[in-house]
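Work through the exercises below with the structure in view. Try each task before you read its solution.

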Amino acid sequence: MRIIERVTEMQQQAESWRREGRRIALVPTMGYLHEGHLTLMREARNHGDEIVVSIFVNPTQFGPGEDYERYPRDMPRDELLAREVGVTVVFAPSAREMYPDRYQTFVEVMEVTQPLCGRSRPVHFRGVTTVVAKLFNIVKPHAAVFGEKDFQQLTVIRRMVEDLNMDVQIIGHPIVREEDGLAMSSRNAYLTGNQREVALSLSRALGEAEKMVHGGERRGAIILDAVRSQLSSGGELRIDYAELCDPDTLESVTEIRGPTLLALAAFVGHTRLIDNRVLPG
Ligand code: AMP
């Protein structure tokens, strides 16, 4: 497994693979790898001969006052885990390498970025689409794998790829959870023992909503009331949003008529957690 830190070196490697007819699959991450990331890498092996994992804590997707500086990082451990899964190249550029002096170009998706996380993190998706577009130009992947944990991010990236005619196949992978249901996240490392207990209310609320839909409930307001009271029962938790939306357009939905996305974001202490589930129609 090679570690590449330079953009030009990564582009040359990608170009030479392409000339040899090798298929490239990319898994973009911010590192501090966990089983969720590793599952995406295993999935990537089904879509490419050469697996590239990018590890880059992208400054442009963090807003002022967010956790860019204190975001957990552990490169030696990440390299070890990536090697074990059979990754070919870890691409780990510095922030300066990706955003040199006089950098001034951004990619912006206009509509699906507005609701949900876009409301509380106004610059977030512009940073995500910009860095993913750059990664596509650097790694030249045939396919790229993203987790449904960040459901809106996946929707935004699919939109960007379609709108800008990017020749990359986007593969979504279901959320990987801890045994007790907590969605895996690098940010779980911030949680104290008690906060981790509180954090379980997100996946519990999703489960409860699904039960209600199975039981025949179709009214969005009733489902969201139950979700909010489940979330509020835990104490140290502040709801950022709990919303039902169309899984394709992310437009708000008041009645369950078909598959419907239930998307949650909440602060447990200072840690912002997200989770979601597509409820059956
Ligand atoms: P991150 O390092 O948090 O930016 O995540 C990198 C990629 O891994 C994104 O496509 C995420 O959606 C995905 N990912 C993170 N956590 C999970 C999880 N628990 N299950 C599935 N995919 C995940």
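**Exercise 1: The parallel sheet**

In strand 3, valine 52 is the bridge partner of leucine 26. The model is predicted, so local features need pLDDT of at least 70 and side-chain atom pairs pLDDT 80 or more, while totals for chains, interfaces and linings use all residues. Residues count from 1 along each chain as its sequence is written, and side-chain values use heavy atoms, without hydrogens or water.

Task: find the strand order of the open sheet and its edge strands.

Solution. 
- Start with one pair. Strand 2 (residues 24-29) and strand 3 (residues 50-55) are parallel and share six bridges. Strands here are DSSP E runs of at least two residues, helices are H or I runs of at least four, and both are numbered from the N terminus. Two strands pair if DSSP finds at least two bridges between them.
- Six strands line up as 1-4-3-2-5-6, with parallel pairing.
- Look for one-sided pairing. Strand 1 (2-4) and strand 6 (169-173) are the edge strands.

**Exercise 2: Helix 1 and its neighbours**

Task: describe how helix 1 (residues 7-19) meets helix 6 (residues 124-139).

Solution. 
- Take the axes. They come within 7 Å and cross at roughly 55 degrees. Axes are lines fitted to C-alpha atoms, for helices over the stretch in contact, and angles run from 0 to 180 degrees between N-to-C directions.
- Classify the angle. The two helices are therefore oblique to each other. Under 35 degrees is roughly parallel, over 145 roughly antiparallel, 65 to 115 roughly perpendicular, and the rest oblique.
- Name the residues. Val7, Met10, Gln11 and Ala14 of helix 1 touch Asn137, Ile138 and Val139 of helix 6. Contact means heavy atoms within 4.5 Å.

Task: which residues of helix 1 are buried?

Solution. 
- Apply the cut-off. Buried is under 20% relative accessible area, exposed over 50%, partly exposed in between (1.4 Å probe, protein chains only).
- Val7, Met10, Gln13, Ala14, Ser16 and Trp17 are buried.
- Find the cover. It includes strand 1, strand 2, strand 3, strand 4, helix 4 (95-98) and helix 6.

**Exercise 3: Strand 8**

Task: find the partners of strand 8 (residues 260-268).

Solution. 
- Take strand 7 (residues 237-245). It pairs antiparallel with strand 8 over eight bridges.
- Take strand 9 (residues 271-279). Nine bridges join strand 9 to strand 8, again antiparallel.
- Check the turn. Strands 8 and 9 form a hairpin with two residues between them, and glycine 269 in the turn has a positive phi of about 60 degrees.
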